[in-house]
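Dear colleague,

Please find below the structure that I am handing over to you, followed by an account of what was found in it.

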Amino acid sequence: MQFHSHTVQTRITTPLGPVRLAASPAGLAGLWFEGQRHEPLPLLQGASAWGHAPDHPLLQAASGQLQQYLRGERAGFELPLDLSGGTAFQQSVWRALLTIARGQTISYGALSQRLGRPRAVRAVGAAVGRNPLSVVVPCHRVLGADGSLTGYAGGLERKTALLTLDDAPHPRPGPHQGNA
């Protein structure tokens, strides 16, 4: 992933664990649970890390809206988003995820169909797994073809909690460990 060079970050604590938020001049560019698969660790910690900016207005707004969402006080997010860190294909998948309404779920295959790429189920799954804006871009709403709970970069417990918060139909437990 390629992020804007003027991206800043902050770390917050949520009921689902510590979260890193990142903002570029164009919008919210990242929301990762600590330890999440595909978390850009070199950019979040160490010598080449983005600067910390807990007072950044967009990061404060994102933090507040996320906390409200996780308490069940907010149904969605009203934040400018910067999806430019991904490829054109990934961005198209992430934009499609934004169309999945709260309380709804979709399978990887149906998402591929929606994108007009019915044979790209695996590529769609990989793009879903690389979503840099967990929760805000609701990749947790993607399930296996049989309605089973599949992998989630932030962990299956978080995916289950987010689906419960969304009032989504309870997924069937499944053996899949995909990249949602």
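A residue is called buried when its relative accessible area is under 20%, exposed when it is over 50%, and partly exposed in between (1.4 Å probe, protein chains only). Helices (H or I, at least four residues) and strands (E, at least two) are DSSP runs, numbered from the N terminus. The model is a predicted one, in which local features need pLDDT of at least 70 and side-chain atom pairs count only at pLDDT 80 or more, while totals for chains, interfaces and linings use all residues. Residues are numbered from 1 along each chain as its sequence is written, and side-chain values use heavy atoms, with hydrogens and water left out.

I begin with the strands. Two strands are taken to pair if DSSP finds at least two bridges between them. Strand 1 (residues 8-14) runs antiparallel to strand 2, and seven bridges join them. These two strands form a hairpin with two residues between them. Within this pairing, Thr10 has Leu21 of strand 2 as its bridge partner.

Strand 2 is also joined to strand 3, again in antiparallel fashion, by six bridges. Here too there is a hairpin, with two residues between strand 2 and strand 3. Arg20 has Trp32 of strand 3 as its bridge partner, and Ala23 stands opposite Leu28 in strand 3.

How many of the residues of strand 2 are buried? Seven of the eight are, so strand 2 is largely enclosed by the rest of the structure. For strand 3 the count is seven of seven, and strand 3 is therefore also largely enclosed by the rest of the structure.

Helix 2 (residues 57-70) comes next. The expected span of a helix is 1.5 Å times one less than its number of residues. For the 14 residues of helix 2 this should come to 20 Å, and the end C-alpha atoms are 20 Å apart, which agrees. The buried residues of helix 2 include Leu58, Leu59, Ala62, Leu66 and Leu70. An α-helix has 3.6 residues a turn, so residues three or four places apart point the same way. Just after helix 2, Gly72 takes a positive phi of about 80 degrees.

I turn now to the charged side chains. The structure holds five salt bridges, a salt bridge being a side-chain nitrogen of Lys or Arg within 4 Å of a carboxyl oxygen of Asp or Glu. One of them pairs Glu34 with Arg20, whose closest N and O atoms are 3.5 Å apart. Glu34 lies in the loop between strand 3 (27-33) and helix 1 (41-44) and Arg20 in strand 2 (residues 17-24), so this pair ties together parts that are 14 residues apart in sequence. Glu34 counts as partly exposed because its relative accessibility is 28%, whereas Arg20, at 10%, counts as buried.

Asp166 takes part in two of the salt bridges that I would point out. With Arg102, the closest N and O atoms are 3.8 Å apart. Asp166 lies in the segment after helix 6 (156-165) and Arg102 in the loop between helix 3 (88-97) and strand 5 (106-107), so the pair ties together parts that are 64 residues apart in sequence. Asp166 is buried, with a relative accessible area of 2%, while Arg102 is partly exposed, at 32%. With Arg141, the N to O distance is 2.7 Å. Arg141 counts as buried, at 5% relative accessibility. Elsewhere, salt bridges that share partners join Arg11, Arg20 and Glu34 into one network.

Lastly, the aromatic rings. Rings of Phe, Tyr and Trp (its six-membered ring) pair if their centres lie within 6.5 Å; planes under 30 degrees apart count as stacked, over 60 as edge-to-face and the rest as tilted. The count comes to four aromatic pairs by this rule. Phe3 and Trp32 form an edge-to-face pair, 5.9 Å centre to centre with 80 degrees between the planes. This pair links Phe3, in the segment before strand 1, to Trp32 in strand 3, 29 residues apart. Phe3 and Trp32 are both buried. The ring centres of Phe3 and Trp50 are 5.3 Å apart and the planes stand at 80 degrees, so this pair is edge-to-face. Phe3, Trp32 and Trp50 form one aromatic cluster.

With kind regards
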